[in-house]
Amino acid sequence: MQSNHMIETFKQYLTFFSSLTHAQQALIVENTQLKHYAKNETLLSDVSECSGLIVVKFGQLRAFYSTEEGKQITLYRLLDGDVCIMSASCVLKNITFEVSLAFETDSEIYIIPIRIWRDLSQTNLTVQAYAMELMAARFSEVMWVMEQLVFKGIGERVATFLMEQSTLVQSDILTTTHEVVANNLSTAREVISRTLKHFESDGIIALSRGVIKIVDFKKLQALIA
């Protein structure tokens with residue numbers, strides 16, 4: 001039953017899967033691991049090697065890059081059915097850019113191991129094209145994040161983050177901390193605290209321990225250019 005569900009999942013979310021031979025499909029299914037991660041766990045990437053392909057069965061994951069100074073830059077989020085290549089070295093030689101994953105909810109992910117993924121991507125043109133398309137899409141998301149860091153003020157970035165989180169959880173009440181917001185926006189907790197206090201004094205949000213409540217969506221949206 002588990003293998004049948006995996007096959008249906010891969011057919012739905014991996015556009016190349018149906019083009020594979022039955023033997024190749026069986027090879028993937030037989031070697032793929034289904035792993036459960038609890039909320040707040042982290043899956044760290046290994047710069048020395050490609051970590052294979054990840055397919056999210058269910059959950060919410062934050063992909064981030066750690067700087068040499070120890071800061072985290074949130075690159076994108078993964079939800080049900082999303083796919084992630086942990087390292088660009090899976091696709092492009094001599095490129096060591098890699099991401100780590102923080103699990104924001106209890107999650108289950110399929111991991112297609114490196115040796116299987118590498119063999120397929122090196123021998124199958126459809127898989128190669130899929131890998132390049134996926135990397136291009138993720139790179140576009142990363143460039144958007146870099147643009148926000150360089151050109152957007154902290155107030156606008158915090159407002160955008162709060163709006164995105166509200167959409168994700170479908171609520172005006174966000175259970176999060178200033179530290180979490182700071183990690184997502186690659187800035188200091190003190191900067192986030194000052195910004196949120198400013199928002200609160202303007203009647204945009206209400207703060208309590210571990211909770212940010214959006215009081216006025218129109219004012220919050222107005223902060224976003």
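1. Glu108 sits in strand β8. Its relative accessibility is 17%, so Glu108 counts as buried; buried means under 20% relative accessible area, exposed over 50% and partly exposed in between, with a 1.4 Å probe and protein chains only.

2. Some ground rules before going on. This is a predicted model, in which local features need pLDDT of at least 70 and side-chain atom pairs count only at pLDDT 80 or more, while totals for chains, interfaces and linings use all residues. Residues are numbered from 1 along each chain as its sequence is written, and side-chain values use heavy atoms, with hydrogens and water left out.

3. Now the overall picture. The protein chain has eight helices and 11 strands; these are DSSP runs numbered from the N terminus, with helices being H or I of at least four residues and strands E of at least two. Its C-alpha trace spans about 60 × 40 × 25 Å along the principal axes. Of the 225 residues in the protein chain, 43% are buried. Among contacts between residues at least 6 apart in sequence, 69% join residues at least 24 apart.

4. Helices α2 (residues 22-31) and α3 (residues 114-123) have axes that come within 10 Å and cross at roughly 160°. Therefore α2 is roughly antiparallel to α3. Axes here are lines fitted to C-alpha atoms, for helices over the stretch in contact, and angles run from 0 to 180 degrees between N-to-C directions; over 145 degrees counts as roughly antiparallel, under 35 as roughly parallel, 65 to 115 as roughly perpendicular and the rest as oblique. Gln24, Leu27, Ile28 and Asn31 of α2 meet Arg115, Ile116 and Leu120 of α3 in this contact. By class, the contact has four nonpolar, two polar and one charged residues; Ala, Val, Leu, Ile, Met, Phe, Trp, Tyr, Cys and Pro count as nonpolar, Asp, Glu, Lys and Arg as charged, and the others, Gly among them, as polar.

5. Staying with α3, its buried residues are Ile116, Trp117, Leu120 and Ser121. Seen down the axis of α3, they fall within an arc of 120°, so they line one face of the helix; the arc is that of the directions from the helix axis to the C-beta atoms. Their cover includes α2, β3 (53-58), β6 (83-85), β8 (107-112) and α4. The face turned away from this buried side carries the exposed residues Gln122 and Thr123.

6. Val181, Ala182, Asn184 and Leu185 are its buried residues. They fall within an arc of 160° seen down the axis of α6, so they line one face of the helix. Their packing partners are β4 (61-66), β5 (72-78), α4 (125-151), α5 (154-169), α7 (189-201) and β11 (211-214). Just after α6, Ser186 takes a positive phi of about 55°.

7. The pairing of α5 with α6 has an angle of about 110°, with the axes 11 Å apart. The two helices are therefore roughly perpendicular to each other. Arg157, Val158 and Phe161 of α5 make the contact with Val181, Asn184 and Leu185 of α6.

8. Finally, Ser19 lies in the loop between α1 (2-13) and α2. Ser19 counts as partly exposed because its relative accessibility is 43%. Its C-alpha atom is separated by 9.1 Å from that of Val127, 108 residues apart along the chain.

Key:
Contact = heavy atoms within 4.5 Å.
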